[in-house]
Amino acid sequence: MSQHHDPGTADAPEGQASKSGFRPTAVAAVELGVIGRSVGVAVPGASESVQVTGISLDSRSVERGDLYVALPGAARHGADFAKTAIEFGAVAVLTDDAGGKLLALGSDIAVPVLVVAEPRSVVGRLSSLIYRSQDSELPGPAMFGVTGTNGKTTTTYFINALLQAMGKKTGLIGTIEILAGGDPIPSLLTTPESTDVHALLALMRERGLDAASMEVSSHAVSFRRVDGVVFDVVGFTNLTQDHLDLHGTMDEYFRTKAELFTAERARAAVVTVDDEWGRRLAAQTELPVTTLATLPPGAGPEAGPVPDWTVTNPTPRGLGTEFTLRGRDGTELCVHTGLPGAFNVSNAALALAMVLAGGADPAEVQAALDARDPFTVAVPGRMQLVATRPAAVVDFAHNTDALARALEAVRSPEPASRVIVVFGATGQRDQGKRPAMGATAARLADVVIVSDDDPHDEDAAAIRAEVLVGATDAKENEQLDCRIMEIFPRDAAIREAVNLAAPEDTILVAGRGHEVWQEVKGVNLALDDRVELRNALTARGFTVLQDDGIES
């Protein structure tokens, strides 16, 4: 929604470095008349020649020459902040009927106002037009988009690392950070708003990037954050229960994901067909599709077309895995990932198949794999190893399927080894998964410590209680031999996990990954699981891995 900020000065700084860091340094102006015609709105003759060089949904990020888009919000309408936007340099306002009436009733607005029925539906298209972000006359980076419930972040990091190993200059847009060939820009959303996405793509083109990978969440599709973006290749990881607070049902969740796999949004697709949702997506997409099977024989679909790529011969190597990616035409690539877990084999295979679908030569790809080992790249907060004795891992697993995969991945073959897990559930999110997460932890861990994730505005104790019900019911009904504890706050839970650990054990701190703030009743509390785990291990005299800088 449009937001308000009281400006400290009347004049906004100019250029890409002024506020968001997302914008290119130079944008060819687009006349307001052209913008009006693109959305079917007549612009008065005197205003047709107004020069527009940017677009913003947030009055705090408006820069000189912007079109300010005033949208309705939960409590206030963006039109209420149009005056602020104009003081920062907005040269025109685009809004809906309600916003237009607010502006007409308020103080005089000294810039043109364009009114459309649903402004959110045209923001992506206008952002693309203003920034010329994917103009066919201005070659830009090849775009790789990854969606699915789990694995998006790691897969985009793998794509980025592989392309860099092949000598490409790359960018990345995701949950953890945004890279545009320069210093990282911290990311607050899995996918930024469409205004920022298109500005970023223009910035990447300006900096001469060859390719970029982007996480695309269901929220990004639902809230139109990727409108106007056409990906060269889109990839699908999997679909498991999550975000039903937004989508209501798994079918609706799937339909939202499937919108990305249309000719309006992409040119080609790679779909992992390990689950029924992937097989359904591969069958219905109108795009040229490459299918990928990553499960061992007997674990995947029993029938159906032979996949284009199949993972074979997975073999443990250290904490990671070596495997072969075999094509239906007989092509084979030898691959290694240093990240633990079968799911990281799937992530690496998808990244590889997407780069190949983008036109890369298999021989060149194999040479890069051999020379650089790109799939051992550290992904902040994704199976991030903090220590080895005891093994101490921080992972973003925050739903039932991801938690199960993480717990299975960290189980040591040492006979006396135990798995100790610290986790919780997020407030104001899908409540149905809370007991299921508790039951999963009880089945797969030896010590279950239920604590807090981000309670948001919910009562933290009530959330813990729902998780504990699932854990204790599973223990009693299935006669499980695990210890279940409730410890809060979260830093205390992490310290107790370390106090309980022997050198041969494994500690998994799950749910928050790279996050460095915990939101409780509207207050952000500093909390980084990696820092807390590192400090607790050090206090007990355990050796931690070298800290190359906690990324956030």
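Student: How many bridges join strand β18 to strand β19?

Tutor: Two strands pair if DSSP finds at least two bridges between them. Here four bridges join β18 (residues 384–388) to β19 (residues 391–395), and the strands run antiparallel. T388 has A391 in β19 as its bridge partner. The two strands form a hairpin, with two residues between them. Strands (E, at least two residues) and helices (H or I, at least four) are DSSP runs, numbered from the N terminus.

Student: What should I know about the model and its numbering?

Tutor: This is a predicted model, where local features need pLDDT of at least 70, side-chain atom pairs count only at pLDDT 80 or more, and totals for chains, interfaces and linings use all residues. Residues are numbered from 1 along each chain as its sequence is written, and side-chain values use heavy atoms, leaving out hydrogens and water.

Student: Which strands form the open sheet, and in what order?

Tutor: The order is β3-β4-β5-β6, with parallel pairing. β3 (54–56) and β6 (113–115) stand at the edges with a single partner strand each, so one side of each has no neighbour in the sheet. From one strand to the next, the twist averages 20°. Inside the sheet, four bridges join β4 (residues 66–70) to β5 (residues 92–95). L67 pairs with A92 in β5.

Student: Which strands does helix α3 touch?

Tutor: Contact means heavy atoms within 4.5 Å. Helix α3 (residues 97–105) packs on the sheet and touches β5 and β6, its direction making about 135° with that of β5. Helix α4 (residues 120–131) lies across β3, β4 and β5, at about 155° to β3. Axes are lines fitted to C-alpha atoms, for helices over the stretch in contact, and angles run from 0 to 180 degrees between N-to-C directions.

Student: How do I describe two packed helices?

Tutor: Use the angle between their axes and the distance between the axes. The axes of α5 (residues 152–165) and α12 (residues 362–372) come within 9 Å and cross at roughly 95°. That makes α5 roughly perpendicular to α12 (65 to 115 degrees; under 35 is roughly parallel). L162, Q164 and A165 in α5 meet V365, A368, L369 and R372 in α12.

Student: Are α13 and α14 roughly parallel or roughly perpendicular?

Tutor: Roughly parallel. The axes of α13 (residues 400–410) and α14 (residues 433–444) come within 9 Å and cross at roughly 15°. Residues in this contact include L403 and L407 in α13, and M437 and L444 in α14.

How values were computed. Angles under 35 degrees count as roughly parallel, over 145 as roughly antiparallel, 65 to 115 as roughly perpendicular and the rest as oblique.
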